[in-house]
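I wished to know how the parts of this chain meet. My notes on what I looked up follow.

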Amino acid sequence: MSNKPTLYYALFSPPARACMITAKLIGLDLDLKFVDFSQKEHLSEEFLKLNPQHQIPVFVDSDGEVYIDSHAIICFMVGKYGKDDKLYPKDLKTRAHVDHRLHYENGVLFQVIKDIVARNIYGGEGDFNPKTIILCENAYSFLEAFLKKGKYVVGDEMTVADVSINTTLVTLNLLLPVSAEKYPLTVAWMERMKSLPDYDEVNVKGAEALCTRIKGVMSATREAAAGK
């Protein structure tokens with residue numbers, strides 16, 4: 001068995017990128033295993049034994065224990081391997097706020113991407129649906145409100161919630177750009193988050209891959225509808 005924890009990933013996945021970046025922040029060396037969705041590796045018998053939900057990321061710790069869901073994984077990684085608790089504070093009040101922001105990422109912000117994928121990749125819609133845009137604007141406005149209390153999404157210290165939200169927002173921003181006029185605090189925060197390790201080669205590269213896929217399908221849908 002490898003002494004290093006293993007992360008099953010694909011760069012297009014914001015949650016997988018959150019795990020990769022968190023590991024870098026705490027100096028955790030991972031054995032990265034790429035999951036090729038184009039070859040349906042996420043549906044293989046081997047992978048389904050790890051995660052019956054057939055999603056990435058999946059984290060296999062050095063003792064063989066399997067963890068799924070990026071939010072659970074990044075909190076576990078910091079708790080076990082972090083040199084301190086700054087990224088996921090042990091103080092209960094602060095942790096409750098960090099947990100809330102993680103739930104916001106999963107239940108509000110990431111749902112915009114899921115809505116786009118459902119409508120524009122699998123649903124045959126060639127343009128962004130007005131309902132998607134409303135969902136997105138709501139998500140952006142909530143984040144702007146969180147940032148009124150500090151430089152980061154919980155006060156003035158970066159936590160795993162910032163990492164999780166950022167990997168999703170970098171992706172969404174390529175599809176439905178964050179308005180600097182409407183959301184100046186969010187745009188400033190996005191600039192601060194560019195200091196994350198491997199920001200361009202992991203975060204931006206992965207976001208661009210997903211964006212290219214979505215826009216490509218949307219373009220093909222419009223061309224087909226026009227009878228070209």
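I began with salt bridges, taken as a side-chain nitrogen of Lys or Arg within 4 Å of a carboxyl oxygen of Asp or Glu. Between domain 1 and domain 2 I found a count of one salt bridge. I noted that the side chains of D198 and K24 meet in a salt bridge, at 3.6 Å from N to O.

I record that this is a predicted model, in which local features need pLDDT of at least 70, side-chain atom pairs count only at pLDDT 80 or more, and totals for chains, interfaces and linings use all residues. Residues are numbered from 1 along each chain as its sequence is written, and side-chain values use heavy atoms, with hydrogens and water left out.

I then looked up the domain bounds, which come from an automatic or database domain assignment. Domain 1 spans 6–81 and domain 2 spans 92–227. I read 20 Å between their C-alpha centres.

Next I examined contact, meaning heavy atoms within 4.5 Å. I found 15 residues of domain 1 in contact with 23 residues of domain 2.

I looked up the buried area (accessible area, 1.4 Å probe, that two parts lose on being put together, summed over both). Domain 1 and domain 2 bury about 1600 Å² between them, and 76% of it is on carbon and sulfur atoms. Of the area that domain 1 buries against domain 2, I noted that R17, I21 and H71 supply 36%, more than any other three residues.
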